[in-house]
Structures are given as C-alpha cells and as structure tokens.
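User: Please take one part of this model and go through it closely. I want the details in a connected order, with the surroundings included.

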Amino acid sequence: MNTHFFFALVLPDDIKVALHAVTKRLNLGFPFKKWLHPADYHITMAFLGSADDAMKQDAIRRVEGVLAEEAPLELVLAEIGAFGKNDSPRILWTGVKQQERLFSMQEKIYNSCAEAGFELDKKPFKPHITLARKFEGNDPFSLESVRQVAALDEKHFEAVQVALYQTHIGASPSYEKIYTINLQQ
C-alpha cells in the first residue's frame with residue numbers, strides 16, 4: 001500500500017486531551033465518517049506525499065538546518081472551522097490564532113522540502129488541526145451549531161517539536177512519528 005509522509009508541528013498531550021473532549025461532545029450530534037484519533041492531532045507544515053529514503057533524508061537534513069535556531073512556538077487554539085461545502089464539509093478543524101512565527105517556520109520547512117525535490121501543494125498555508133473527515137449527516141451541516149456545542153476554550157500551548165510523520169492508511173492512530181526535531185529551549 002502506498003504510504004505518505006509529512007512534516008508537522010507536534011501538539012502537547014494536554015492539548016490533544018482537550019481537543020478529544022471537544023470531539024466527544026461533537027460526535028454525538030454531528031455525523032462525520034471519521035473522527036481522528038487524538039494521537040493524530042497535529043498542524044501540517046509540508047505534505048510530501050510518497051518519498052524514497054534518499055529524498056526523505058535530504059529533507060530531514062535541510063529542515064533540521066533551518067530549524068536549528070528556532071525556539072518553541074507559543075500558540076493559542078482558535079475557533080472551529082470547516083473545509084468544503086457549507087452544508088456538507090469534508091474536513092472539520094480547529095485553528096490557531098495567527099502568529100507570524102508559525103508562518104515563517106512553515107515557509108522554511110516548505111522551502112527546504114521543495115529544495116529536496118518534493119512537489120508540494122501550492123495552496124496558501126492555513127494552519128489547522130483536523131478533528132473529523134467527511135460529514136455524513138442527513139440534515140445540512142451547521143458550523144454555528146458545531147461551535148456552540150464545542151464550546152472551545154482559547155487554550156494556550158507551547159509547541160516544542162516538529163516531526164516527520166508516516167501515514168498508515170486504515171490504522172488508528174493513522175500517523176507515526178518517524179523523525180523528531182526538538183525546537184531550541
């Protein structure tokens with residue numbers, strides 16, 4: 001089976017627990033095909049797709065180089081949103097408040113992966129944490145209702161790692177950290 005790789009900001013365990021509590025409130029009234037396992041919560045920085053070992057190693061070396069002087073990121077969970085059709089979204093997510101350092105770090109990682117030969121998605125970076133995929137409700141989806149039920153707190157957290165993940169399609173959790181880069185404390 002074809003596997004994929006991506007670099008992502010690793011979330012602290014307490015944030016994963018808090019987000020899982022939100023999804024437990026939501027999954028009773030909002031039918032999505034798949035609710036992500038809490039271990040799978042992350043913020044994607046660069047999606048590589050499939051990759052041979054030499055390209056992965058080159059990307060790791062380059063990303064480590066550009067992150068060598070990066071300090072941990074202070075982030076804040078923001079509101080819940082959705083990608084796709086308003087009445088039947090394909091992705092339910094929570095965002096983080098806009099922070100220039102996050103965008104700067106993502107650009108460094110993205111450019112490093114491009115320099116390693118990866119063809120990356122050209123869409124603008126929209127930092128988010130995927131909670132669920134593929135709405136399957138009979139009634140139209142209401143983002144406002146989701147936000148009311150979720151009652152998401154503006155939780156502050158520190159992101160101290162970037163990891164290269166490998167996907168395991170059909171497994172739960174679906175993502176495995178195969179290389180971790182610690183941000184400078």
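Analyst: Asp-13 counts as exposed, because its relative accessibility is 57% and the cut-off for exposed is over 50%. The model is predicted. Asp-13 is found in helix H1. Glu-107 is 94 residues away from Asp-13 in sequence, and their C-alpha atoms are 25 Å apart in space.

H1 covers residues 13-26 and lies across E2, E4, E5, E6 and E7. The helix runs at about 30° to strand E4 (73-85). Helix H4 (residues 143-150) packs on the sheet as well, where it touches E4 and E5. The direction of H4 makes about 145° with that of E4.

Now the sheet itself. Five strands form an open sheet in the order E2-E6-E5-E4-E7, and the pairing is antiparallel. Its edge strands are E2 (32-35) and E7 (156-159), each of which pairs on one side only. From one strand to the next, the twist averages 35°. In general, strands of a sheet pair through backbone hydrogen bonds, in a parallel or an antiparallel sense. Here, E5 and E6 run antiparallel and are joined by five bridges. Leu-92 has Ala-132 in E6 as its bridge partner.

E5 and E6 also take us to the largest pocket. Strand E5 (88-96) and strand E6 (128-135) each supply at least two residues of its lining, as do E3 and H3. The volume of this pocket is about 1100 Å³. It is lined by 32 residues, and those closest to its centre are Thr-44, Phe-47, Asp-121, Lys-123 and His-128. By type, the lining divides into 15 nonpolar residues, ten polar and seven charged.

Which element gives the most to the lining of the largest pocket? That is E3, with six residues. E3 is largely enclosed by the rest of the structure, because six of its eight residues are buried. The cut-off for buried is under 20% relative accessible area.

E3 belongs to another sheet. This open sheet has four strands in the order E3-E1-E8-E9, again with antiparallel pairing. Strand E3 (42-49) is an edge strand, and so is strand E9 (175-182); each pairs on one side only. Neighbouring strands are turned by 25° against each other on average, direction ignored.

E1 pairs with E3 over six bridges, in the antiparallel sense. One of these contacts is set by Phe-7, whose bridge partner in E3 is Ala-46. E1 (residues 5-10) is then joined to E8 (residues 161-167) by five bridges, and the two strands run antiparallel. Ala-8 stands opposite Ala-163 in E8.

Two helices complete the picture. Helix H2 (residues 53-67) lies across E1, E8 and E9, at about 40° to E9. Helix H3 (residues 100-115) packs on the sheet and touches E1, E3 and E8. H3 makes about 15° with the direction of E3.

Definitions and conventions. Residues numbered from 1 in each chain as written. Predicted model: local features only at pLDDT ≥ 70, side-chain atom pairs only at ≥ 80, totals over all residues. Heavy atoms only, no water. Pairing = 2+ DSSP bridges. Axes fitted to C-alpha atoms, helices over the stretch in contact; angles between N-to-C directions. Contact = heavy atoms within 4.5 Å. 1 Å grid on protein atoms, 1.4 Å probe; cavity = no way out; pocket = protein on both sides within 12 Å on 5 of 7 lines; lining within 4 Å. Points joined across faces, edges and corners; volume = space filled by probe spheres on them. Nonpolar A, V, L, I, M, F, W, Y, C, P; charged D, E, K, R; others polar. Buried < 20%, exposed > 50% of the residue type's maximum accessible area, 1.4 Å probe, protein only.
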